[in-house]
Amino acid sequence: MTSSPFQILSLDGGGLKGMFSAAVLAEMETLLKTDVASHFDLISGTSTGGLIALALGAGCSPAEIVDIYTELGAMVFGRPRRLRRIFRPKHGAEGLRSALDRIFGERLLRDSKRCLLIPSYSLIGADVYIFKTPHHSRFYRDGNERMVDVAMATTAAPTYFPAAQLRNNRLIDGGVWANNPALVAIAEAHSTFEVDLADIRMLSLGTTTETTAPDRRFFSGGLAAWARPSGLDVFLRAQAFGGFHTAEHLLRLDKGRLVRIDAAVPRHYFRLDRLDESKIRGLAEHVARIECPHVAPLMTHTAPPPVFYN
């Protein structure tokens, strides 16, 4: 087991609300005068968090990633289908792939400047599907995947986008099982990198959380209540919080080894596919200013360049 610090950046899912996470990182870079990505040995991201992780791995700055979200909002979410999510996904995948092609080009996962872990889910295999850079000799498969294909898979949110096709497989958003990938990343650090739990430090970034009273329809509701988008929100929030609280238990939050940054907002203040850019960037700047003293100690560690195999 290693005795040196091992730092993880964990990025939640949340559609366009990923702009909040990117803007927090951008503001941190300005306030702390540093390249945030260079301080993390492993970056894990689900869905929109996976997009941010891949962009950081491709060498984009957080400020550039914020601009990417502006482009995605216009190109991908501008014209939802009229039937919305009743019979078909709310949005087509063509605009998203076109935007991601311009961002990642022909880059492969092995071209990443950081070790990455990107959750998805296989409908064909009925099992979790985790993309990993080849940071272990066992990992000989994913390094040759195009970053754009990985991004399409982890962001293929059910009812919003169709399943992504990767050769003959069909993959969907990793948020169905790891919307907060903190616990998955800790497992990777401990098992693959052979890092002792006491040596792991983590910065976990959310995409804002709605504060709302319980929907009374769920108290005794049937399919009509739980099949609503708000019912899906309950499932996603429950598994995300469950995974994160387990991560808290493993890393001992009271020891200051896990920093969680998120922001509580009113219900429907932001949406997965629609938001006010000025509001979310302003909120991110405010939160970053408050959280800077907690994040600064993590910036004293410089992650070595990754070693990729095969």
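Predicted model: local features only at pLDDT ≥ 70, side-chain atom pairs only at ≥ 80, totals over all residues.
Ser47 touches Gly13, Thr154, Thr155 and Asp173, leaving aside residues up to four places away in sequence. Is Ser47 buried or exposed? With a relative accessibility of 6%, Ser47 counts as buried, because the cut-off for that class is under 20%.

The table sets the two pairs side by side.

| Helix pair | Axes come within | Crossing angle | Handedness |
|---|---|---|---|
| α2 (residues 48–57) and α5 (residues 147–154) | 9 Å | roughly 165° | right-handed |
| α1 (residues 18–32) and α2 | 9 Å | roughly 35° | right-handed |

Take α2 and α5 to begin with. Their axes cross at roughly 165°. That angle makes α2 roughly antiparallel to α5, because angles over 145 degrees fall in that class. Which residues meet here? From α2 come Gly50, Leu54 and Gly57, and they meet Met147, Val150, Ala151 and Thr154 of α5. Sorted by class, this contact of α2 with α5 holds four nonpolar and three polar residues, with no charged ones. Thr154 is a name you have met already: this α5 residue takes part in the contact with α2, and Thr154 is also touched by Ser47.

Now for α1 and α2, whose axes cross at roughly 35°. On the α1 side, the contact is made by Gly18, Ser21, Ala22 and Leu25, while α2 brings Thr48, Ile52 and Leu56. The residues of this contact of α1 with α2 divide into four nonpolar, three polar and no charged.

**The cysteines**

How many disulfides does the model have? The count comes to zero. Consider Cys60: the closest cysteine sulfur to its own is that of Cys115, 18 Å away, which is too far for a bond, because a disulfide needs the two sulfur atoms within 2.5 Å. Cys115, likewise, is in no disulfide, and its nearest cysteine sulfur is that of Cys60.

Terms used: Residues numbered from 1 in each chain as written. Heavy atoms only, no water. Axes fitted to C-alpha atoms, helices over the stretch in contact; angles between N-to-C directions. Helix = DSSP H or I, 4+ residues; strand = E, 2+ residues; numbered from the N terminus. Parallel < 35°, antiparallel > 145°, perpendicular 65-115°, else oblique. Left-handed = near helix turned anticlockwise from the far one by under 90°. Contact = heavy atoms within 4.5 Å. Nonpolar A, V, L, I, M, F, W, Y, C, P; charged D, E, K, R; others polar. Buried < 20%, exposed > 50% of the residue type's maximum accessible area, 1.4 Å probe, protein only.
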